[in-house]
Structure formats: C-alpha cells, structure tokens
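Visitor: I have a few quick questions about this one. Can you walk me through it?

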Amino acid sequence: MIKLINKGVYFKDGKLVKAAAKDEQKAKGSIAYKILSAHNLSGNDKKLNIKFDEITSHDITYVGIIQTAKASGLTEFPLPYTLTNCHNSLCAVGGTINEDDHVFGLSAAKKYGGAFVPPHLAVIHQYMREMRASCGSMILGSDSHTRYGALGTMAVGEGGPELVKQLLNKTYDVDMPEIVAVHVKGRLRKGVGPHDVALALVKATFKSGFVKNKVLEFIGDGIKTLSMDFRNGIDVMTTETTCLSSIWTTDDKTKEYFVQHGREAAYKKLEPENGAYYDKGIVINLSKVEPMIALPFHPSNAYTIRDFLSRPYELLKAAEEAGQKLLPEGKGEFKLTDKIKDGKVFVEQGVIAGCAGGMYENIAEASNILGDAPISNNDFTLDVYPSSQPVYKGLVESGYISKLMDNGAVIKTAFCGPCFGAGDVPQNNGLSIRHTTRNFESREGSKPANGQLSAVALMDARSIAATAKNGGAITSAMDEEYKNKVKKYRFENKIYKARVFNGVGKGEKEENLVYGPNIADWPKMEALKDNLLLKVVSVLTDPVTTTDELIPSGETSSYRSNPLKLAEFALSRKDPAYVGRAKAVRDGEFPKELGFSEENTTYGSVVCAVKPGDGSAREQAASCQRVLGGVANIAKEYATKRYRSNLINWGMLPLLFDKNDFTVGDYIYIEDIKKAIESGAKEFKALVLGDKKREITLKMDALTDSEKEIILKGCLINYYKK
C-alpha cells in the first residue's frame, strides 16, 4: 500500500525518479516551497519568518490566547481570526464556565475585530474548509489538526503562543522544512474510505519519524480519482505522522468545491514544476489499500481488518497488556480478549464524528451500507456527528439522516468531544470503534488512577457501518454488498449568514470583554537569573509521552481559562504525585544547604522524559508545568516542534540528554546559564546531586534570537512587555 523512499527524488513526467544529490534549484519547483517563500519576511530561504494569512482557535484555546495577547499589548486583531466553539460546546462540567468562555469569545471578536462561530454550528476545521481556506494561503491554528492542504492551503497547528505572536505582528520562525513528495496513484476499491488510506500512511511513517517536522506534498494522477471529502479526510490525519504541514495539487474538483461554497475566487491551480526536487518520497497505491483498524493506543498501531480478524487474540492481547500497565497495581483489570466470541470480535460502540469522520460522504456512504438493517444488538450503539450544520442539513435533505435514525443511530450536532474524551465515553473495559482523529490512551475519557479504563480503535465510517449492520461484530466494508454512489451535496450558507458573527477588520475598541468567574489572568513569571538549579519532580520512562498525558483532555478542558485550576490536573494520569512535588519546589524554601547563591540562581522544577510532546498542539502541556514552577524539560528528544516551541514560549528550557537516568529528588545545577544562552551555547556543563555527585553535559538545539530572549525574560508575555 505504502512505499517509502528515504532519499531525494524528482517528480518528472508524472513519476518519482531518485536523485543522486540534493538539488537546491529544483527544490524551488515544489508547491510548498513557493508558498513558504511567498509568506517569508526574512529574505533568507533557510531561516523563515512566516506571516500567516489567517489564524483560528476553538473554545478551549482562544481565551488563553487572547488573555496572553492582551497582557502583551493587543489592541486589535491585525489579521482574520476565527473563533469556533466545538470543544466545550456541551457545557457539561463546571456549571456556567463553558458558556462564560463563549460569551468572552464573542465579546473579543466584537472588540478586536474577529469572526465568531457559535456552538454546534461547525467543528473548527470543517468551518475553515468551507469558509476560510484558499489556494496558496497559509493558516495557523491552535489545534494540532489544522490541516487544509487538500484545499491548497498550507495550514499549521501550533500552541497558543505562536498565535499570540501573529496577533502582535510578529512572525512564526522556523528553518525551511524538508519537503516530502507523496505520490498518489491507482484507484480505491469499494468499501475503502479516507481513514483507511490515512491509517496506512500513519502506520508507515510514524514510528520511524520519517516525516517528522516535514511538509507532505500530495501529487500524482491518483488524486484526480478522489473526491474533496476523501482528500480532506486523508489530509487532516497527516498530523498523526508528526509532519509540520501538508499541501496538495489542486484541480477542477478543488475548483468545484470553492464554487459550491460560494468562494470561486479562492481557487487557483497549484501544481509542482516538472522535475521538482523533494527530500524524500512516499508512494501511495490506492488500488492496494484495504479497510484498516488502528488498535489502542495510537493511530500508528494499525492493521488491515483482514489481518486483524485472522489473529484477533494475539493483537488484542498485546493491546490488553499495554492497557493493564496504565492501571495502578491492584486497581482494576483491563480486558479486550473477551470481545472475541464465536470467532468474531464484538465492540460496544461506534462513533462517526468530527473533522475526520463527520463529512457528508462518510455519513452518506455509511447510511447506504447500513441500508434498512436496524442495529439489532442492544449492547452496541452508533452515534453520528455531522461536521457542520450545513452538512447536517444536506444529509437531511438527501434522506441519509432519516435512514440512519430509522435504524437506531443517534444523530448529534457538530462537536469534537468524541475525539478528546468529552462525549460518548465507553464503559469500563469497553472498546469503541471511531472515525475520529486519535485513540491515545485515556483520550476517550478513562481515569486509570481510579481504576477506570476503556479504549478506542480507529476505523473508517464505512467499516463502522458494516460493523453496526452485523450487530457490533467488526466487519470490513469490503465484505458488504451495497451501492457506494451518494447523492450530490448541496451547501447552504443561510445557516452561517444567520448565526456567525463576522467582524473581521471591524473591531469596536469601546466594547468591553465579558469575563466569567473562571477566566483568570496568568500568574507572574520570573526572568531567568545567572545560574539555574533544577529539582527533578517527575521521571517519565515511556518511549513517548503525549500531551494528553502531560495535561489530560476531557473534563479538564473546562478549566483551560484558569491557569491555576488547570495546573492541578497536570500529569494526573501518568504521575499523580507530580503536582504536589512541583508545588513543594515552587512554594518551598531555596535549598541553601547545597551551597548555591539564592540571589542569582533561578530555582525550579524539571520533568525528565524520553520523548515528550506527541499529539495535541495544546500549549497547556507546557504552561501548566510553568505555573507549577517548572523551568525546564530534559528529554532524549522532543516528539514535535510545537511542544518544544510551547516550552520556549513559556520560558522553559528544552534541554536534551542522551540518557533518562535521573531520579525524583535529584538536583541539577547549571552555572552561568544566562550567559551561555546569550552566547548561543548548545552544550551546558551540569552537576547532578543525587545519591552521588556526577557531572553531565546537557544539550539544547539552536535557539533563534527571539527565543533566547523569551527564555531570558521568563516567558512570551514578559518578552512583549519589554
């Protein structure tokens, strides 16, 4: 299905041809290079200073972003800023506080000149596809799945501080990324959907880091065989490969999409020059893609459904053992192998939702597969969330919603909850199959510390429908007879015209921001002193630590407008004692007995890990540590650029060490850290004081001049206050 080419290639006459050496001149012929260059203000195509065309956030990120920007001198939104409300739209936790955030968001859009999409109207990425993406543009979002490459838009998901920079007329600074050609060829078979292609791609690339922090450029004749819903469905999942961004060639189908949505002027033809050079290559043969299933606890843990059903005990046992490790000793038992009955694998729940699953064609084809067969197993439920009200209306008009409802599916409004644990949480020991973006451990809402654990497997909507038709027994859509032709979708913009507030460029400065009782300012953060003394308060030994583990999703989302309350949840599912240890450092006495000077030494806590920061772009994975007195991370490597950027923007040092051999309670002292950072040092001699004294060398990848100053000042807010 997927072939990786780990060397430079040319795309010439519709084929990938291996290159003997890097070709700097021909690299300029790619779509990605041209878009990046057009948005670069540095004048140096190696070191980019990017100004985006637009930015976007949802309701668990925009309050913190606006509060940070306001503390740094914000007077107006200098570029279009779209605020959506698709994460805390249920208002299920904390009384009024979710709706208070929504009211704050609307008041900010009025005051500073932005757009505001009310709850339940659309998930963030569907609205941006429908109404804001355009060919050749760049969009920055505070959600990791900010991907509109199939519509010709290079989109990047980052932590909130990077959006703050754009709001303050600063730039997004990054080295010119490597660009990877994704050559799409062949034609999909009936029963295969976009999630199947995406999971195959994630499986092939994630673990090796093949495309980490690179740009994927989708090219090739196979693209012409894919509808825009298919392209968007594949594209949004590229986040799970850990790439930086994505871009696709555009064609008549792309143009038709923009015409359909009343935005024909947003279209232009994008294609690479013949002979364009790429740093690596990937070949996707659509003809060989089969229905896939990604087992707990990562989208890359993927297999063909055919392979999975040939050895379910072996594969479920491995996932079961991984889940058992998440539970504290003596607290509960995690079982998945009991899903196997009479040679079949039964699940309790199916969900089709969000920016990946909730698109028109996914739901329409799922309805066709289910046909007139009612969901006959009372132990199995099917929930469907159309990605926007216009999509919902289109499905109603075409009769697909009625058929799904007649068969027992529950239809809900646009909401991202099933992707991050704020909706449809399975029962303890339950297994849910979902066409959503992620299936990380505990992301569906489990609380392992309390002995509660369930799990999610990712599948395409088509195979989820086939499973529903067969009473919850996992079934490949390729094994079902059905008509895969769907009725043409008709987009209707009356819904948005009636409800969306569009004040872009029309801010009213006299308007007041409306604060609820949970919206709090950031606490004061101190500048870095001459020397640094760290106390190790958590050591994470997993191969990868996700942002979900650093700060859980789900019910904690309601507190993202209150930094101090949210910080109480930090590492709660991975190291419950962390918060207490970190507070003891933050609020305790300087350890004078060690013989270091309190006057010129910053004292704070440090989290040590192997590879932290995979997954969500949420800045709170770093800011919660900072609020609790953290001043550094030490890791073998950082899973994503965005997590490393989040650490820097909150004044924390992203240190590197080739061993994770620290112990909770160790002290680490770095003398003259301030001078070293000012001079651009990449290595730091450090003294570890634990069971025995030892000297080590910590490293740190190069910082830009602004990143140096942000760390020296203590955080991005302090940096802009200067």
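Visitor: Let's start with Glu397. Buried, partly exposed or exposed?

Guide: Glu397 is partly exposed, with a relative accessible area of 43%. Buried means under 20% relative accessible area, exposed means over 50%, and partly exposed is in between (1.4 Å probe, protein chains only). This is a predicted model: local features need pLDDT of at least 70, side-chain atom pairs count only at pLDDT 80 or more, and totals for chains, interfaces and linings use all residues. Residues are numbered from 1 along each chain as its sequence is written, and side-chain values use heavy atoms, with hydrogens and water left out.

Visitor: Which residue forms a salt bridge with Glu397?

Guide: Lys393 does, with the closest N and O atoms 3.4 Å apart. A salt bridge here is a side-chain nitrogen of Lys or Arg within 4 Å of a carboxyl oxygen of Asp or Glu. Lys393 counts as partly exposed, at 31% relative accessibility.

Visitor: How are Lys393 and Glu397 placed in helix H14?

Guide: They are four residues apart in H14, so about one helical turn separates them. An α-helix has 3.6 residues a turn, so residues three or four places apart point the same way. Helices (H or I, at least four residues) and strands (E, at least two) are DSSP runs, numbered from the N terminus.

Visitor: Which residues are linked with Lys393 and Glu397 in a network of salt bridges?

Guide: Arg490 and Glu492 are linked with them in that network.

Visitor: How many salt bridges does the structure hold?

Guide: It holds 36. One of them joins Lys47 and Asp175, with the closest N and O atoms 2.9 Å apart. Lys47 lies in strand S4 and Asp175 in strand S10, so this pair ties together parts 128 residues apart in sequence. Lys47 is partly exposed at 47% relative accessibility, and Asp175 is partly exposed at 42%.

Visitor: New topic. How many aromatic pairs are there?

Guide: There are 20. Rings of Phe, Tyr and Trp (its six-membered ring) pair if their centres lie within 6.5 Å; planes under 30 degrees apart count as stacked, over 60 as edge-to-face and the rest as tilted. Tyr385 and Phe415 make a tilted pair, 6.3 Å centre to centre with 45° between the planes. Both residues are buried.

Visitor: Which aromatic pair does Phe590 form?

Guide: Phe590 pairs edge-to-face with Tyr603, at 5.6 Å centre to centre and 70° between the planes. Phe590 lies in the loop between helix H21 and strand S28, and Tyr603 lies in S28, so the pair ties together parts 13 residues apart in sequence. Phe590 and Tyr603 are both buried.

Visitor: Which ring does the charged end of Lys203 sit over?

Guide: The ring of Tyr303, 4.8 Å from its centre. Lys190 lies over the face of Tyr482, at 5.2 Å from the ring centre. The test is NZ of Lys or CZ of Arg within 6 Å of the ring centre and within 35 degrees of the ring normal.

Visitor: What about Cys135: buried or exposed?

Guide: Cys135 counts as buried, at 8% relative accessibility. It lies in the loop between helix H5 and strand S8.
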